[in-house]
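Please read these notes with the structure open beside you.

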Amino acid sequence: MASGLCRRGPDSAGVALYGAAQENRFKLRVKLGEHGDLRAEGRKLADGLSKIARVIESETIAEYQRFVVEASCDPKLLEKGIEEIGPQYEVVSLGRSLEIIKQVGSPENLNASYPFRKFVGTHGIGHTRLSTESRVDLSHSQPFWAHGVPDLATVHNGHITNYHKLRRQYEQRGIRFYTENDSEIIGKYLAERLSEGMPLEEALKASLMDLDGSFCYLVATADRLAYVKDPFGFKPLLVVDTEDFVAIATEEVALRTWVDSRYEAREAGTSELQVWTLSETPVAVGV
Amino acid sequence: MAVVHCDGKTTKEINQEISELIAKGAKTIEVRSPSARHNLAVGLLQPVELLFKGSVGYYCGGMIDGARITVQGSAGWGLGECMMSGTVVVRGNAGNSAAASIRGGTVVIYGDAGARAGIAMKGGLLIIEGNCGAMAGFMMQKGTMIICGASGHGLADSMYEGTVFLGGEAASLGNDTKVCDPDEEERRFLKDMLSEHGIAAAHSFKKIVAGRRLWNFEKQEFELWKEVL
């Protein structure tokens with residue numbers, strides 16, 4: 001599906017994949033740098049991390065260090081601890097099931113670096129990026145993990161026009177931003193709403209009022225998947241909802257890379273949102 | 001019948017192949033596995049018959065003048081945009097802005113249409129058998145829209161001229177609309193048009209036209225203008 005959309009966004013590609021959760025374990029993917037041989041950086045990070053958490057697995061894969069650690073600590077403190085080891089380290093994803101891999105370049109290149117096609121899981125969201133305002137690098141690529149909340153990831157198509165205003169307010173409350181990409185704000189917004197105790201569906205509904213501009217975004221958690229479309233319907237979003245699977249994409253051309261023509265695609269309506277909860281049903285998605 | 005296979009071809013190659021077949025005198029062309037590619041059959045100026053076996057992407061049949069296009073699948077945004085004459089028929093659903101700015105011809109959608117269907121129509125006929133999204137017929141200037149199902153918010157907002165017939169309910173009407181009952185001639189027209197396209201029309205239709213209060217600025221209607229602008 002991502003390859004089907006690559007023409008739309010050739011700058012970078014990424015996926016947030018949800019695999020089986022292990023009891024009392026966090027999976028982490030930490031960015032070591034933008035390019036080059038980063039194994040020494042990885043070793044340094046692994047040494048540092050072993051002082052603050054019980055590391056079960058540690059591996060350098062291209063720009064990332066992948067860890068499995070014992071989930072006995074507060075995820076926020078764990079992330080802070082990693083950032084204190086060195087400012088170059090950025091936690092790209094943290095969760096019980098979530099793993100994000102993203103990179104500058106095409107989905108084909110991403111798959112060559114991290115063979116995600118072999119990943120076994122329940123659901124996922126993906127993105128190909130056409131940068132309009134912010135830098136093209138790994139950090140600015142999507143999906144975004146909503147720092148602080150394990151397993152919460154978003155992808156966004158559009159432009160959040162009150163981004164600067166909202167960002168200022170969040171920063172005044174001590175929330176750190178990792179990029180200048182306006183899409184990052186969606187995860188921050190949802191993370192804050194969820195931490196206030198708001199159910200996901202309510203938070204998504206509230207975002208229709210609180211976020212301005214054009215947006216279709218997808219949200220995934222360990223067991224939920226959702227989409228939201230802005231009140232003016234500025235951006236396209238096609239949905240195939242069947243008994244067996246759910247597939248969502250910006251364009252039908254991406255769906256038709258694997259979704260049979262027997263399954264009808266429907267354009268999501270304005271101000272529309274839908275949430276699915278994971279059962280035994282396998283799910284596939286992409287924006 | 002001439003056949004175009006799309007697999008492994010670019011949009012440009014497919015459109016070129018269609019043009020070459022038309023130049024050679026093909027009257028009917030079947031296009032197989034279009035796989036929702038964009039910009040197919042745009043700007044065709046000949047009375048050719050085209051059948052897409054599958055979904056098409058954005059702007060299919062845009063700016064055509066006389067071609068007859070059938071899509072056995074769904075269509076993306078801007079279906080038949082700016083067409084002059086001819087027919088575009090979609091068996092499935094259509095994305096946003098179907099039949100935007102058409103000047104003539106007929107667009108038929110058997111499924112649902114997205115937002116802004118028939119926006120800025122300048123003539124022609126748009127028929128939607130299913131439902132349509134928000135802001136259908138926005139700033140329409142001429143032509144006719146028949147919506148058999150329900151409509152989203154802001155139906156027929158700020159129209160200059162033109163007529164919208166609605167079979168179902170509208171989530172809300174747009175600014176400056178006037179709702180009335182179709183007269184006998186219009187009821188006959190609706191019946192004829194729907195039966196011509198094989199659409200059962202058991203229900204009655206409401207007719208929506210411009211209230212004409214936005215045509216000229218009136219100071220005493222300042223509140224209405226404030227709302228619109």
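**Notes on strands, helices and the contact between chains**

1. In β5(A), A:L94 is the bridge partner of A:L28. This is a predicted model, in which local features need pLDDT of at least 70 and side-chain atom pairs count only at pLDDT 80 or more, while totals for chains, interfaces and linings use all residues. Residues are numbered from 1 along each chain as its sequence is written, chains are lettered from A and ligands numbered from 1 in the order in which they are written, and side-chain values use heavy atoms, with hydrogens and water left out.

2. Strand β2 (residues 25–31) of chain A pairs with β5(A) in the antiparallel sense over five bridges; two strands pair if DSSP finds at least two bridges between them, and helices (H or I, at least four residues) and strands (E, at least two) are DSSP runs, numbered from the N terminus.

3. Both strands belong to an open sheet of four strands in chain A, with the order β3-β4-β2-β5 and antiparallel pairing. Because β3 (55–61) and β5 (90–95) of chain A stand at the edges with a single partner strand each, one side of each is left without a neighbour in the sheet. From one strand to the next, the twist averages 15°.

4. Which strands does helix α2 (residues 39–50) of chain A touch as it packs on the sheet? They are β2, β3 and β4 (64–70) of chain A, where touching means heavy atoms within 4.5 Å. The direction of α2 makes about 20° with that of β4(A); axes are lines fitted to C-alpha atoms, for helices over the stretch in contact, and angles run from 0 to 180 degrees between N-to-C directions. Helix α3 (residues 75–85) of chain A also packs on the sheet, touching β2, β4 and β5 of chain A, and its direction makes about 30° with that of β2(A).

5. Another open sheet in chain A has three strands in the order β6-β1-β7, again with antiparallel pairing. Its edge strands, β6 (98–104) and β7 (123–129) of chain A, each pair on one side only. Seven bridges join β1 (residues 12–18) of chain A to β7(A), and A:V15 stands opposite A:G126 in β7(A).

6. The contact between chains takes 18 residues from chain A and 18 residues from chain B. Together the two chains bury about 1,200 Å², 50% of it on carbon and sulfur atoms; buried area is the accessible area (1.4 Å probe) that two parts lose on being put together, summed over both.
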